[in-house]
Amino acid sequence: MNAQEEEKPAPVLELDRVSKSFGGVRAAQEVSFSVASGHIHALIGPNGAGKTTLFNLITGIYPADDGSVLFEGRDVGRLEVYERVAAGIARTFQNVELFTGMSVLENVMVGLHVRTRCGFFGALAKWPWVRREEEQARGTALDWLKFVGLEKMAESQAGDLPFGWQRLVEIARALASRPRLLLLDEPAAGLNARETRDLGVLLRQIRTRGVTLLLVEHDMSLTMEISDRIVVLDQGRKIAEGTPREIQADEKVLAAYLGQGE
Amino acid sequence: MRVLANVIGYLLVGSAILAVGLWVDNYYYFQLLTFIGINTLLAVGLNMLMGYAGQISLGHAAFYGLGAYTTGILGVHLGWPPLVTLPCALLVSGLVAWLVGRPTLKLHGYYLGMGTLGVGMIVHVLFREWSSLTGGPSGLPGIPTLSLGPLEIPGGRPYMFVVWGVVLVSFAMCQRLVHSRVGRALRAIHFSEQAAAAVGVDTARAKLQVFVFAGVLAGLAGFLYAHMVTFVSPSSFGFLVSVRIVAMVVIGGMASIWGSLFGASLLTMLPEWLHVFSEYEVLVYGLILVVVMIFFPQGLTRGMLDLYERARRGKTGSGS
């Protein structure tokens, strides 16, 4: 752990005094932190602390009122959601948003959208390169399904899968866009103890593939076990940042959680 | 499996049309089948938009009418040949679709429905009131019959073949689209626009493309209509016609290319069969639509497949 700390890898994501208000509610107030390349970074905090707001600001669902979001040193604050995916930021949703009526394989193939080129006229003409690209996309999507252990379910309807598997398909779909930063919104929510343990293993495997991870998570044992660094939010403000050990000993963090009765 | 079913579909439709063309000698049937073909074009285009991308157009008759009137006006007033008016008709329909779709499709929700509703009304008023150009409420007569260069294609049998050729080609185009990167993106938008964007789909662009495509297909249908009837009038492109195209899509089955054929066939032939009810015709027509929707909420195609499945299971069940 210490050795990694000293190397100080370049940041993939930097938030600089990012703020966002909804009406009178200040959901994020001058939040700054950076996520180092190759790390697993966690955002924690009581309900309503602004974790999902930050996710939406990073992925571009809405723009920040103030402050900047830098991805690999480039300001992505003005980019649309899909442009940020093309730049290398992928995400999953808290409630799993699969395209339920499409097959599992097709879901992952939609994830390849930004890495494939066939347009409207290409699809109509079905040039040889379009066929090739389609075959390659199919193969790549199958590889990602294999990676999460669901290649046997490729032809099933996504909506028919049990919830835990749907979550894995969503992760495979996100990975298919070949992100360098993957945001996971409560990936362990709704999973049982065994699935959560498997998820921890999977997240580490994703990291070894060169993907930096930023997750919001309520499952403390998982978070403490896999995270390199943790940012703690409370009422839209960052109240602490550090290694899992430092966070566990931080009095402000304890107060925030106990104050909320968690 | 999918490919096989499609090949069978093309063969069935193609040979049915061929059979009618070869063994039947009745202008009325040729005309009815031509109308079914034109309506199928309208329905399949709208189905790409509604059934696959989940966006609704309540003014589809406007694009149909723009295609027909462009063909008519250029043909009658300027004497342009069909080979020149065809691209103009497609361009006008597509351009108007683009102008309506561009602002409304940037938004999520049913704004396209409102936008197209408005365009449908505006275009209809233009057809009726711009008399010097459109002939006003009494219509624009004297559109020449279809000719492609030296090749004359009069109404009746040859025209039916041409229209159905166009229908089958457009089916193939739609199927290619549906099973491509573009089609996957459209279906993804239907399930969740937010998730589609989060996966990297430029949702506004994808929706706009398919809307313009549907508009161009409607323009093509309008071109074929104008050359068949050789006369266009505003009443053929009013709000009720737009509703009827939506009904064809829903009755035939959303997100089903072959369903568009069923829906268009049923809704084109139904009024012909219902003449016997004279003044109660509209009532029976509405009643049939309601009944179909109650028993086959997923449309006729899905409904018939389900019935077939149930019958087969029932047979094997009683046998064991």
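**Ground rules.** I number residues from 1 along each chain as its sequence is written, with chains lettered from A and ligands numbered from 1 in the order in which they are written. Because this is a predicted model, local features need pLDDT of at least 70 and side-chain atom pairs count only at pLDDT 80 or more, while totals for chains, interfaces and linings use all residues.

**Entry: chain B overall.** I looked up the secondary structure of chain B and found 14 helices and four strands; helices (H or I, at least four residues) and strands (E, at least two) are DSSP runs, numbered from the N terminus. The radius of gyration of chain B is 20 Å, close to the 20 Å of the globule rule for 320 residues, so chain B is as compact as a globular protein of that length. That radius is taken over C-alpha atoms, and the rule is 2.2 Å times the number of residues to the power 0.38. I also noted that the C-alpha trace of chain B spans about 70 × 55 × 40 Å along its principal axes. Of its 320 residues, 49% count as buried (20 or more other C-beta atoms within 10 Å of a residue's own, C-beta atoms being placed from the backbone).

**Entry: where the chains meet.** The contact takes 27 residues from chain A and 22 from chain B; two residues are in contact if their C-beta atoms, placed from the backbone, lie within 7 Å. Which helix of chain B gives the most to the side that touches chain A? I found that α8(B) does, with eight residues. By class, that side of chain B has eleven nonpolar, six polar and five charged residues. Here Ala, Val, Leu, Ile, Met, Phe, Trp, Tyr, Cys and Pro count as nonpolar, Asp, Glu, Lys and Arg as charged, and the others, Gly among them, as polar.

Entry: I followed α4 (104-111) of chain A to α8 (181-191) of chain B: their axes come within 10 Å and cross at roughly 105 degrees. Axes are lines fitted to C-alpha atoms, for helices over the stretch in contact, and angles run from 0 to 180 degrees between N-to-C directions. The two helices are therefore roughly perpendicular (65 to 115 degrees). A:Glu106, A:Met109 and A:Val110 meet B:Arg184, B:Ala185 and B:Ala188 there.

**Entry: the six-stranded sheet of chain A.** This open sheet runs β6-β7-β8-β3-β9-β10 with mixed pairing; strands pair if DSSP finds at least two bridges between them. Its edge strands are β6 (89-92) and β10, and the twist averages 20 degrees from one strand to the next. Strands β7 (181-185) and β8 (212-216) of chain A are parallel over five bridges, with A:Leu181 partnered by A:Thr212. Helix α8 (193-208) of chain A packs on the sheet, touching β3, β7 and β8. At the other end, β9(A) and β10(A) run antiparallel with five bridges, and A:Asp234 has A:Arg237 as its bridge partner. In their hairpin, with two residues between the strands, A:Gln235 takes a positive phi near 50 degrees.

**Entry: the four-stranded sheet of chain A.** I traced a second open sheet, β2-β1-β4-β5, with antiparallel pairing. Strands β1 (11-22) and β4 (66-71) of chain A share five bridges, and A:Ser19 stands opposite A:Asp66 in β4(A). Helix α2 (51-59) of chain A lies across β1, β2 and β4, at about 65 degrees to β2(A).

Technical notes
Parallel < 35°, antiparallel > 145°, perpendicular 65-115°, else oblique. Buried ≥ 20, exposed ≤ 12 C-beta atoms within 10 Å, placed from the backbone.
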